[in-house]
Amino acid sequence: MTPTRNPVTRVRRRFQAWFESRMPRQDSAVLTQRNVYILPTRPGLMLGLTLLVLLIASINYQLNLGYLLTFMLTGAAIIGIHVCHGTLTGLTMHLIAPDACFAGASVPLGIQLNNPSKRTRYGIGLAALGSGHWSWADVGPQASSKVHISFVANTRGLQPIPTLTAETRFPLGTFRVWTVWRPATQVLIYPAPEPHPPPLPPGEPRTGGAPTAQRHTTGEFDGVRAYRRGDPLKLIVWKKAAKSDDLVSRDAQQAQRLELWLDLASVEQSLRSRAASAAREQALSRLCAWVLQAESRGLRYGLRLASRELQPDSGPAHQKNCLQALALA
């Protein structure tokens with residue numbers, strides 16, 4: 001029986017979805033007795049069974065030392081429950097807003113743990129709920145600790161942070177204390193860049209320029225040429241020169257004639273053999289790769305989408321604006 005058809009798994013998923021839907025979204029959470037839960041672990045259940053056997057044997061054989069051992073172990077287990085539950089209770093968790101990432105990559109999250117008490121909190125683990133990838137930390141008395149976790153976002157756009165969980169099994173490992181937390185912050189996911197995109201499209205004549213401007217015979221817009229003695233330093237493309245031993249300069253004449261435009265409609269048309277949704281996502285992925293490629297070459301480039309147009313420019317701010325537009329397209 002597959003997991004998706006397993007009735008127990010289906011009931012568990014529905015219960016988890018119902019349980020999470022009742023929790024408010026918030027970027028800071030204070031752990032109290034109302035949102036901290038405790039259950040015995042498998043070693044804890046074995047300990048309970050062992051204590052029951054010791055008690056029955058001590059009663060049957062009237063073993064005073066058996067009573068002493070049973071009650072001492074029971075007392076240690078009860079103290080362990082109190083310490084384990086108190087390790088999480090009172091902590092404050094605060095989510096640090098994540099940076100935008102590309103689809104398919106791990107999105108790093110930073111979580112600040114604040115401990116207002118005068119005792120150290122040991123063995124606190126955090127993870128995305130159900131991921132199984134834990135990050136562990138200790139928080140000193142009246143101190144804070146930053147924990148880094150990650151999750152994989154496979155869909156572009158503005159995505160919610162997945163439900164997070166924190167747990168501890170300190171000090172004996174016989175009980176598991178945990179909490180569930182739904183952050184309110186959303187993270188922007190850019191389209192995944194196409195691994196091997198075709199060359200950049202040819203430049204288009206500037207508005208109002210000569211209509212007879214020639215395109216590159218290679219079909220790729222460069223906007224640069226070999227360095228000539230006397231070229232001003234501001235025309236040298238340092239990013240491209242750093243990748244090779246030759247200096248290159250921006251072609252001022254070509255820059256006056258041509259503009260590099262990255263057009264979503266034209267890329268979708270070239271991929272019209274695919275399904276509409278697949279062609280659009282593939283086109284966005286290709287445009288994302290072209291934006292990164294043009295920026296790395298120091299070129300000025302514009303972006304045309306169905307309902308938005310970004311004028312040709314360059315620099316980190318322009319690249320960020322283009323990637324955001326692609327993510328939300």
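User: Which element gives the most to the lining of the second largest pocket?

Analyst: Strand β11 does, with 3 residues. Strands (E, at least two residues) and helices (H or I, at least four) are DSSP runs, numbered from the N terminus. A pocket is found on a 1 Å grid over the protein atoms alone: it is an open set of points where a 1.4 Å probe fits, with protein on both sides within 12 Å along at least five of seven lines, and lining residues have an atom within 4 Å of a point.

User: Before we go on, what kind of model is this?

Analyst: This is a predicted model, where local features need pLDDT of at least 70, side-chain atom pairs count only at pLDDT 80 or more, and totals for chains, interfaces and linings use all residues. Residues are numbered from 1 along each chain as its sequence is written, and side-chain values use heavy atoms, with hydrogens and water left out.

User: Thanks! Back to that second largest pocket: which residues lie nearest its centre?

Analyst: Met23, Pro24, Asn35, Tyr37 and Val180, out of 15 lining residues. The space in the second largest pocket is about 270 Å³, where a volume is the space filled by probe spheres set on the grid points, joined across faces, edges and corners. Its lining divides into 9 nonpolar, 3 polar and 3 charged residues. Here Ala, Val, Leu, Ile, Met, Phe, Trp, Tyr, Cys and Pro count as nonpolar, Asp, Glu, Lys and Arg as charged, and the others, Gly among them, as polar.

User: And how much space lies in the largest pocket?

Analyst: About 420 Å³. It has 16 lining residues, and the closest to its centre are Gln16, Leu129, Gly130, Arg176 and Trp178. By type, the lining of the largest pocket holds 7 nonpolar, 5 polar and 4 charged residues.

User: Where does the largest share of that lining come from?

Analyst: From α1, which supplies 5 residues. At least two residues each come from α1 (7-21), β10 (164-168) and β11 (175-181).

User: What span should α1 have, and what do its end C-alpha atoms give?

Analyst: Its 15 residues should span 21 Å at 1.5 Å a residue, and the end C-alpha atoms are 21 Å apart, so the two agree. The expected span is 1.5 Å times one less than the number of residues. At the start of α1, a side-chain oxygen of Asn6 comes within 3.0 Å of the backbone nitrogen of Val8.

User: How about α7?

Analyst: Helix α7 (residues 276-296) agrees with expectation as well: its 21 residues should span 30 Å, and its end C-alpha atoms are 30 Å apart. Just after α7, Gly298 has a positive phi of about 75°.

User: Arg286 is in α7. Is it buried or exposed?

Analyst: Buried, at 14% relative accessibility. The cut-offs are under 20% relative accessible area for buried, over 50% for exposed, and partly exposed in between (1.4 Å probe, protein chains only). The Arg286 side chain makes a polar contact of 2.8 Å with the side chain of Glu194. A polar contact is a pair of N or O atoms within 3.5 Å; within protein, one must be able to donate a hydrogen and the other to accept it, and residues adjacent in sequence count only if both atoms are side-chain atoms.

User: Switching topic: how many disulfides turn up?

Analyst: A search of the whole structure gives 0, taking a disulfide as a pair of cysteine sulfur atoms within 2.5 Å. Cys84 is buried at 2% relative accessible area, and Cys322 is buried at 0%.

User: Which peptide bond is cis?

Analyst: One joins Phe170 and Pro171, with omega about 10°. Pro171 sits in the loop between β10 and β11. Most residues other than glycine have a negative phi, and most peptide bonds are trans.

User: Then which non-glycine residues have a positive phi?

Analyst: Gln62 has one of about 55°, and Gln142 has one of about 50°. Gln62 lies in the loop between α2 (42-61) and α3 (64-88), while Gln142 lies in the loop between β7 (135-139) and β8 (143-152). Gln62 is exposed at 55% relative accessibility, and Gln142 is exposed with a relative accessible area of 55%.
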